[in-house]
Amino acid sequence: MPKLRGRLGWPAYAIVLVALPLVFTDPHTRLLLILITMYGVLALSWNLTLGFAGIFNFAQIGFFGIGAYTTGILATRTGVDLWLAIPISGVSAMLASLVAFLPVLRLRGIYVGLATYVFSQLCIYLVLGQAGLTGGSNGIVGIPRLSLGDTSLRADGRIGYYFLGAVLLFAVTVLVRVLTRSTLGMSLVALRDNEPLATSRGVSRVRQHLIVFVIGAGVAGVAGSFNAYLNGVVSTDIFGFGQLTLLLCMIFLGGSGSVYGPIAGAVVVTLVSDALQDAGAWRDIVVASLILVVLWLAPKGLAGIARSVLDSVRDRLRGPGEPASPSVPASSTTVKETS
Amino acid sequence: MGGISVILTSTLVLGGLYLLMAAGLTLIWSNLRVFNFGHGALLMFGAYLTWTVLDATGLPLVVSLIGAITVMALIGAVYEFLLVSPFIRRPNGDMLVMVATLAATMLLQSGAQLIWGPQIRQLPQFGDTRVEIAGAVVQGTQLVTIVLAPLLVGLLALVLKRSGIGLTVRALEQNREHAQLLGIAPRRVYLFVVMAAVALATVAGALLGSMQFISPGMGSDPLLRAFVVLAFGGAGSLAGTIAGAYAIGLLEAVTTYYFGLSWSPVLVFLAMIVIMLVKPEGLLRTRVRSA
């Protein structure tokens, strides 16, 4: 069964991604689908560091914004090919992540959270300080739209943007899946769950964390670039607190430390957030409460719930005669020493 | 000479504000081993509450502030009960607490927006005493900040050193297991610590709301600075926090004076990165504590 599922899973995922815009054709739902792919990419990339590596990384929003601003500046002030600006934005977010990583070199745990949080907030000051380049508090407006040949990606209810986002989402999902199954992924989990043991077996914490940190930042930068082209506008709102909590909600609702959880989180939170769009401050209250309720009741999120449901179904199917398989913990959580 | 006295007074004012924030954060950190990302939002809520008490009752500002502190201390107790204690014992609890306090920030900010609306409020000046030092005029709230902040934090230090509850706080801070063996209940200490920290944040909020304006986002800047103070002075030591607060105040005053308002946070943050690289345990601290 698992083998069959593994073989069918990816084509099914691709078919669903392709079929969705054909089923939902009205512009508003299309836009929601596009947002889901973008937030899915972002949540997946953040979960690499936050969930799998256990790095208290709160700079991801900063990388996202840096990617968006890089695209904004390149597209409005230079003659760089618009498509080329996307990978360049990824690279610039990667470079920024090297700066944000500096504190991680010698800090641990919650100090990293502090430093990276300050980093992402600081991006706002940098953008405001460099008003000549970034437009300051006005932001960058009039970013040209992407087009493929003569067809604008905005045509036909933004279907071009949807497919671009879907391709990104598919690629990033594969990337995350491959990464987490690789020796890199396993060493990250080992570092997260028992750092002294992992390092004593020859795993370099700094090297492994740096790699995953930079990869995550690159993906976030590309997502930021996508966001800039989608909206045609970049402003400091992109670094804002609202985005931060929205994404945290996606990751923890979906299940941190699970590969597909953040995608589910992105779907749910985007829809909830859209439904409450006119509710003003209530929207933020609902999103924030959602995080808290998930943390209280289902710390492993939707992925954890789905897994325990699947496990119980499987046990029931197996029948009473056979011994129940020892349920594998959803994502390894180890008892942390209280120091 | 004008420049120096301007820098000096703004150092003392900024340092005092950061001290009130950072002392609470450091107290929470040394006992609960978490950073309270909601501290800025609590400051903001305290400022709004002070305004409401003042507006509704017409009592003197100081009395209103004391009323707001009482209410905020209760909110702090709820905060501890809902956001800290459910998670702190869980595996990976510090990250959960961090995320929970971020969510709480969002809740408090949007809550404030709903309750008090979008218009900007301001508290009146605390007193109208006016002192002139070497050409720089210090008056009203600024003067109160300069005096009150070290006074309150000194009081906190005294309570920690002399009183019974202070003794249990320090015992828990130094050796959790042993303290529990002696019959100290961590929950009660956590409650005291969070309430004291929230009270200090409320004072900072009222002072800030009188010097500048009250808005739902007013807490994020002081919070960032308080984080830098902790990095500078070493989280967990009150003496280090005091020195750190005034050092960051000085750094900010000098950089604002010479480089302007938008560059000052960048330079302050750069200083923080350098400190974290060179001495992760804090410049003013020799005893290393694993995080």
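Predicted model: local features only at pLDDT ≥ 70, side-chain atom pairs only at ≥ 80, totals over all residues.
**Exercise 1. Describe how H2(A) and H12(A) pack, and state which residues make the contact.**

Solution. Two packed helices are described by the angle between their axes and the distance between the axes. Helix H2 of chain A spans residues 27–52, and helix H12 of chain A spans residues 261–275. Their axes are 8 Å apart, at an angle of about 135°. Angles over 145 degrees would count as roughly antiparallel, and 65 to 115 as roughly perpendicular. H2(A) and H12(A) are therefore oblique to each other. The crossing of H2(A) past H12(A) is right-handed. On the H2(A) side the contact includes A:Leu32, A:Tyr39 and A:Asn47, and on the H12(A) side the residues include A:Pro262, A:Gly265 and A:Asp274.

**Exercise 2. Carry out the description for H2(B) and H9(B).**

Solution. In chain B, helix H2 (residues 39–57) packs against helix H9 (residues 220–233) at an angle of about 135°, and the axes are 8 Å apart. The two helices are therefore oblique to each other. H2(B) passes H9(B) in a right-handed crossing. The residues that meet are B:His39, B:Gly40 and B:Leu43 from H2(B), with B:Ser220, B:Pro222, B:Leu223 and B:Ala226 from H9(B).

**Exercise 3. State how many residues of chain A are in contact with chain B, and which helix gives the most to that side of chain A.**

Solution. Contacts with 39 residues of chain B involve 42 residues of chain A. Helices H4 (82–106), H5 (109–129), H11 (241–254) and H13 (281–297) of chain A each give two or more residues to this side. H5(A) gives the most, with 13 residues.

**Exercise 4. Find how many residues the largest nonpolar core has, and which helix gives the most to it.**

Solution. The largest nonpolar core has 208 residues. Among those with the most contacts inside it are A:Val118, A:Ile291 and B:Met21. Helix H8 of chain B, residues 186–211, gives the most to this core, with 17 residues.

**Exercise 5. Identify where in each chain pLDDT stays under 50.**

Solution. Begin with the averages. Chain A has a mean pLDDT of 85, with 92% of the residues at 70 or above. Chain B also averages 85, and 94% of its residues reach 70 or more. In chain A, pLDDT stays under 50 over residues 324–339, which have 21 contacts beyond four places in sequence. In chain B, the stretch is residues 286–291, with 8 such contacts. Among the elements of chain B, confidence is lowest in strand E1 (residues 130–133), at a mean of 76, and highest in H2(B), at 93. The model as a whole scores ipTM 0.81 and pTM 0.84.

Definitions and conventions
Residues numbered from 1 in each chain as written. Chains lettered and ligands numbered in written order. pLDDT = per-residue confidence, 0-100. Contact = placed C-beta atoms within 7 Å. Core = buried A, V, L, I, M, F, W, Y, C linked by C-beta atoms within 7 Å. Buried ≥ 20, exposed ≤ 12 C-beta atoms within 10 Å, placed from the backbone. Helix = DSSP H or I, 4+ residues; strand = E, 2+ residues; numbered from the N terminus. Axes fitted to C-alpha atoms, helices over the stretch in contact; angles between N-to-C directions. Parallel < 35°, antiparallel > 145°, perpendicular 65-115°, else oblique. Left-handed = near helix turned anticlockwise from the far one by under 90°.
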